[in-house]
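Dear colleague,

Please find below the structure that I promised to pass on, followed by my notes on it. I would be glad if you read the two side by side.

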Amino acid sequence: MKIQRGVTDKAILKELGERVEHARLQRNLTQDELASLADISRPTLQRLEAGASAQMTTFVRVLRALELLAGLDLVAPQVQPSPIEQLDIRGGRRKRASRNQRPAAESGFKWGDET
């Protein structure tokens, strides 16, 4: 099943559980072995594979034991600064806001269309 917007939470949890089970079987691990590697109990792993709600730390531990943590970068990619923010960062990150800016007319700047 493809996980997308219209899918229910329950269906997503069931799909994730099935994917964890599939990854475990691909590595030829029993539930006891994976639970031991992830430092969780076998019943906790059974609930996760069945699609029951689980704590985030449990899910992370299982992914780590299955060597699938890199997949989390796809789920929650690191936020990159926008092009404007990148330009601002070049001169160093701002540390405070300033209210004492002179209006353009006082700075001597002209657009070129003034008479």
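The chain has seven helices and zero strands, where helices (H or I, at least four residues) and strands (E, at least two) are DSSP runs, numbered from the N terminus. This is a predicted model, in which local features need pLDDT of at least 70 and side-chain atom pairs count only at pLDDT 80 or more, while totals for chains, interfaces and linings use all residues. Residues are numbered from 1 along each chain as its sequence is written, and side-chain values use heavy atoms, with hydrogens and water left out.

Of the 115 residues of the chain, 19% count as buried; here buried means under 20% relative accessible area, exposed over 50%, and partly exposed in between, with a 1.4 Å probe and protein chains only. Among contacts (heavy atoms within 4.5 Å) between residues at least 6 apart in sequence, 41% join residues at least 24 apart.

Helix α3 (residues 42–50) takes part in two of the helix pairs described here. The axes of α1 and α3 come within 6 Å and cross at roughly 120°, which makes α1 oblique to α3. Axes are lines fitted to C-alpha atoms, for helices over the stretch in contact, and angles run from 0 to 180 degrees between N-to-C directions; those under 35 degrees count as roughly parallel, over 145 as roughly antiparallel, 65 to 115 as roughly perpendicular and the rest as oblique. On the α1 side, Gly 17, Glu 18, Val 20, Glu 21 and Arg 24 meet Leu 45, Leu 48 and Glu 49 of α3. By class, this contact has three nonpolar, one polar and four charged residues, with Ala, Val, Leu, Ile, Met, Phe, Trp, Tyr, Cys and Pro counted as nonpolar, Asp, Glu, Lys and Arg as charged, and the others, Gly among them, as polar.

Helix α2 (residues 31–38) and helix α3 have axes that come within 9 Å and cross at roughly 105°, so α2 is roughly perpendicular to α3. Gln 31, Asp 32, Leu 34 and Ala 35 of α2 make the contact with Arg 42, Leu 45, Gln 46 and Glu 49 of α3, a set that divides into three nonpolar, two polar and three charged residues.

The largest pocket has a volume of about 580 Å³. On a 1 Å grid over the protein atoms alone, a pocket is an open set of points where a 1.4 Å probe fits, with protein on both sides within 12 Å along at least five of seven lines, and lining residues have an atom within 4 Å of a point; grid points are joined across faces, edges and corners, and the volume is the space filled by probe spheres set on the points. Its lining has 23 residues, of which Leu 16, Phe 59, Leu 63, Leu 72 and Val 75 lie nearest the centre. Two or more lining residues come from each of α1 (9–26), α4 (56–65) and α5 (72–75), and α1 gives the largest share, eight residues. By class, the lining has 17 nonpolar, five polar and one charged.

Thr 58 lies in helix α4, counts as buried at 10% relative accessibility and, leaving aside its neighbours within four places in sequence, is in contact with Ile 40 and Thr 44. Asn 28, in the loop between α1 and α2, has a positive phi of about 55° although it is not a glycine, and is exposed, with a relative accessible area of 68%. Glu 67, in the loop between α4 and α5, is likewise not a glycine and has a positive phi of about 60°; Glu 67 is exposed, at 70% relative accessible area.

With best wishes
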